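Here is a short briefing on one protein chain. Please look over the sequence and the structure before reading on.

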Amino acid sequence: MKKNEQLMEIKVKCNDPVSVTGSTKQIIMIPFTAEASGPYFSGHVIGTGVDTQTVSKDGRTFLSARYMLEGTDCDGNVCRIFVENQGTWETGFTPSIVTDSPLLADWETSSLSATVEGIPDGVMIRILRKE
């Protein structure tokens with residue numbers, strides 16, 4: 001695997017959000033389903049994932065998405081990948097990964113980044129290994 005390469009892209013389909021507005025912040029939870037593809041892994045979200053957005057009174061938003069993917073690695077082995085992707089629109093997004101695939105195990109210790117792009121009914125997430 002090369003550095004500065006796209007490891008996978010995840011096409012997310014968002015469901016209806018739920019929210020609560022308190023005296024100090026608003027919390028918005030957006031459940032979603034998703035399909036992942038790439039040269040090393042292909043699969044789908046098990047059940048639903050959730051993107052939790054914390055919006056402060058001054059409008060700053062912190063996003064934290066958590067989900068579990070199930071699929072196959074590039075050797076055809078069934079595996080799971082847990083993804084937690086956190087950050088802001090201003091500073092960018094940093095995913096962390098845990099997987100039971102020996103082939104993809106170095107993703108757990110790699111320096112990763114993610115891009116998030118709006119698409120109809122959801123977002124496209126691209127997870128990249130940083131140099």
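The points below cover the fold, the core, the salt bridges, the aromatic pairs and one methionine.

This is a predicted model. The chain has ten strands and zero helices. Its radius of gyration is 15 Å, close to the 14 Å from the globule rule for 131 residues, so the chain is as compact as a globular protein of that length.

**Overall fold**

- Read along the sequence, the pattern is β-β-β-β-β-β-β-β-β-β.
- The C-alpha trace spans about 50 × 30 × 25 Å along its principal axes.
- Of the 131 residues in the chain, 37% are buried.
- Take the contacts between residues at least 6 apart in sequence: 45% of them join residues at least 24 apart.
- The accessible surface comes to about 7300 Å². Carbon and sulfur atoms account for 53% of that surface.

**Nonpolar core**

- In soluble globular proteins, nonpolar side chains tend to be buried together.
- The largest nonpolar core here holds 25 residues. Met8, Ile10, Phe41, Tyr67, Leu69, Ile81 and Trp107 have the most contacts inside it.
- Eight strands each supply at least two residues of this core: S1 (6–14), S3 (25–37), S4 (41–45), S6 (61–73), S7 (78–88), S8 (92–99), S9 (112–119) and S10 (122–129).
- Ile10 is one of the residues with the most contacts inside the core. Leaving aside residues up to four places away in sequence, Ile10 touches Ala34, Glu35, Ala36, Tyr67, Val123, Met124, Ile125 and Ile127.

**Salt bridges**

- A search of the whole structure finds six salt bridges.
- Asp58 pairs with Arg60 in a salt bridge, with the closest N and O atoms 2.8 Å apart. Asp58 counts as exposed, at 51% relative accessibility. Arg60 also counts as exposed, at 56%.
- Glu70 and Arg80 form another salt bridge, with 3.0 Å between the closest N and O atoms. This pair links distant parts of the chain: Glu70 lies in strand S6 and Arg80 in strand S7, ten residues apart. Glu70 is partly exposed at 25% relative accessibility. Arg80 is partly exposed at 38%.
- Asp106 and Arg129 meet through their side chains in a salt bridge, 3.2 Å from N to O. Asp106 sits in the loop between S8 and S9, and Arg129 in strand S10, so this pair links distant parts of the chain, 23 residues apart.
- How accessible are the two partners, Asp106 and Arg129? Asp106 is partly exposed, with a relative accessible area of 31%. Arg129 has a relative accessible area of 6%, under the 20% cut-off, so Arg129 counts as buried.
- Glu9, Glu117 and Arg126 are linked in a network of salt bridges.

**Aromatic pairs**

- The whole structure contains three aromatic pairs.
- Tyr40 and Trp107 form an edge-to-face pair, 6.3 Å centre to centre, with 85° between the planes. Tyr40 lies in the loop between S3 and S4, and Trp107 in the loop between S8 and S9, so the pair ties together parts 67 residues apart in sequence.
- Both Tyr40 and Trp107 are buried. Trp107 is also among the core residues with the most contacts inside the core.
- Trp89 and Phe93 have ring centres 5.1 Å apart and planes at 85°, so this pair is edge-to-face. Phe93 is buried, with a relative accessible area of 9%.

**Met68**

- Met68 is found in strand S6. At 34% relative accessibility, Met68 is partly exposed.
- Which residues does Met68 touch, not counting residues up to four places away in sequence? They are His44, Val45, Ile46, Arg80, Ile81 and Phe82.
- Arg80 is the salt-bridge partner of Glu70. Ile81 is among the residues with the most contacts inside the core.
- Met68 and Thr24 are 44 residues apart in sequence. In space they are 31 Å apart, C-alpha to C-alpha.

Methods. Residues are numbered from 1 along each chain as its sequence is written. This is a predicted model: local features need pLDDT of at least 70, side-chain atom pairs count only at pLDDT 80 or more; totals for chains, interfaces and linings use all residues. Side-chain values use heavy atoms; hydrogens and water are left out. A nonpolar core is a set of buried Ala, Val, Leu, Ile, Met, Phe, Trp, Tyr and Cys residues joined through side-chain atoms within 4.5 Å. Buried means under 20% relative accessible area, exposed over 50%, partly exposed in between (1.4 Å probe, protein chains only). Helices (H or I, at least four residues) and strands (E, at least two) are DSSP runs, numbered from the N terminus. Contact means heavy atoms within 4.5 Å. A salt bridge is a side-chain nitrogen of Lys or Arg within 4 Å of a carboxyl oxygen of Asp or Glu. The radius of gyration is taken over C-alpha atoms; the globule rule is 2.2 Å times the number of residues to the power 0.38. Accessible areas come from the Shrake-Rupley method with a 1.4 Å probe; for residues, only the protein chains shown count as cover. Rings of Phe, Tyr and Trp (its six-membered ring) pair if their centres lie within 6.5 Å; planes under 30 degrees apart count as stacked, over 60 as edge-to-face and the rest as tilted.
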